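I opened this notebook to record what I looked up in one protein chain.

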Amino acid sequence: MPGLVSCLGDLIVTGIIILFSDHVQSEIWTNEVSDVQFGRLGSRVVLTCGGAHDGSPVAWQFNGSSVPAGQTHKSSLTLLNTTHSMEGNYSCHDERGTLLQSIKLRLGHPPHFVRVSCRMPNHMNIYCSWVQTKTTHLPTLYTSSYSVKDRDVEPCEQEHIGVNECTITDPPFWTSKFLVNITELNPLGSNSTILQIDAHELLKPDPPEDVRVLQVEGQSTQLLVQWSLPSSWPVERMDAFPLTYLLRYRPIGSNYWSRLETEENTSLKIMDALVGHLHQIQIRAQDALINHSQWSEWSHVVEAQPWIEPWKEPTEELVDFSFPYFNSFPVRTTDKSPDSSLHQTGSLGLLILLGLFAAVMVAVLLTIIALLW
């Protein structure tokens, strides 16, 4: 019965899921090459002895043990409310004990709906995968196809049988709406799941690769960030399908990201990095022409620190702090931190000189006064 569901996967695709089933009416399917019969768990299963003539009675055995006569009717064996314990080898024998036929019975469930998810890393390929929503316990195959409005059904190519994946190569550009059909088949029937996708909403590039962060010589607040296109994005079609990039960065320890955006370029310069701090940098990409397409996941975190002025050894020189009247020895000091003891020595010499000069002047003055007296 048709219904509406949401398909959740590596990407979230909102679409219409149209579900329908076409079960084989018979509950038992017989392999024509080997005597293997398949039945539905929990149902009534009838085994028929093909070697019996004209419906003559036969004796049945299960894994070498006799089967109660109440379950047999002429050449048939009826099993009710089947369980996995009833799986195994059944054989029928005539009145003389001669083996007429051996049948291997396998029990399981009819096909069920599958959960389908699709991703589109570029304009040339859509990758779809699916998983069972119910284990059938029986051999299962899948057919995969897609279609667009008023067009024939095209195959969604499965590269490896047994791997539940298929690829739509070079989808038409004139429409963005596709129907993806995954049909599960086993000996008890078939069941199809149809997912409607919008290629524009599905488009999600892979993250940019080879992200590098370089210091800018002489600039303590700048970092140069460079990266490469996602390898899955076609370089030869960049003119037709350009990418927009979003860069985010923050000093380690901060909870807040700064952001920069650029179109087509594969490098950006951060101008306001925090001096002397290690920064985290990431980049993501989006199709530049389809605004409602999805951003890629963020690239791996790269850490870098802006340029720091190299530390220089302090220069040394000889400074002569000798005083004209009092000899002093030259000392070794740096141009930033002169020795304070030398200043103290010069000041002391000056004070002594002034004291002597004052004493001489006092002596001269006293002599003059004495003479005049």
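I looked up Val364 and found its place in helix α2, residues 340-372. Helices here are DSSP runs of H or I with at least four residues, strands are runs of E with at least two, and both are numbered from the N terminus. I noted that the model is predicted, that local features need pLDDT of at least 70 and side-chain atom pairs pLDDT 80 or more, while totals for chains, interfaces and linings use all residues. Residues are numbered from 1 along each chain as its sequence is written, and side-chain values use heavy atoms, with hydrogens and water left out.

I then checked how accessible Val364 is. Val364 counts as partly exposed because its relative accessibility is 41%; buried means under 20% relative accessible area, exposed over 50%, and partly exposed in between, with a 1.4 Å probe and protein chains only. Together with Val360, Ile368 and Leu372, Val364 makes a nonpolar surface patch of about 390 Å². Patch members have over 30% relative accessible area and no salt bridge; nonpolar side chains (Val, Leu, Ile, Met, Phe, Trp, Tyr) are joined within 5 Å, like charges within 9 Å. A salt bridge is a side-chain nitrogen of Lys or Arg within 4 Å of a carboxyl oxygen of Asp or Glu. Areas come from the Shrake-Rupley method with a 1.4 Å probe, and for residues only the protein chains shown count as cover.

Next I recorded a patch of negative charge on the surface, where Asp239, Glu261, Glu263 and Glu264 gather. Asp and Glu count as negative, Lys and Arg as positive, and His and the chain ends are not counted. Each charge is placed at NZ of Lys, CZ of Arg, CG of Asp or CD of Glu. Asp239 is found in the loop between β21 (223-228) and β22 (243-251), and Asp239 is exposed because its relative accessible area is 82%.

I turned to backbone angles. Most residues other than glycine have a negative phi. Asn81, however, has a positive phi near 45°; Asn81 lies in the loop between β10 (76-79) and β11 (88-93). Asp170 has a positive phi of about 50° and lies in the loop between β17 (165-169) and β18 (177-186).

Finally I noted figures for the chain. The protein chain has 2 helices and 28 strands, and 37% of its 373 residues count as buried.
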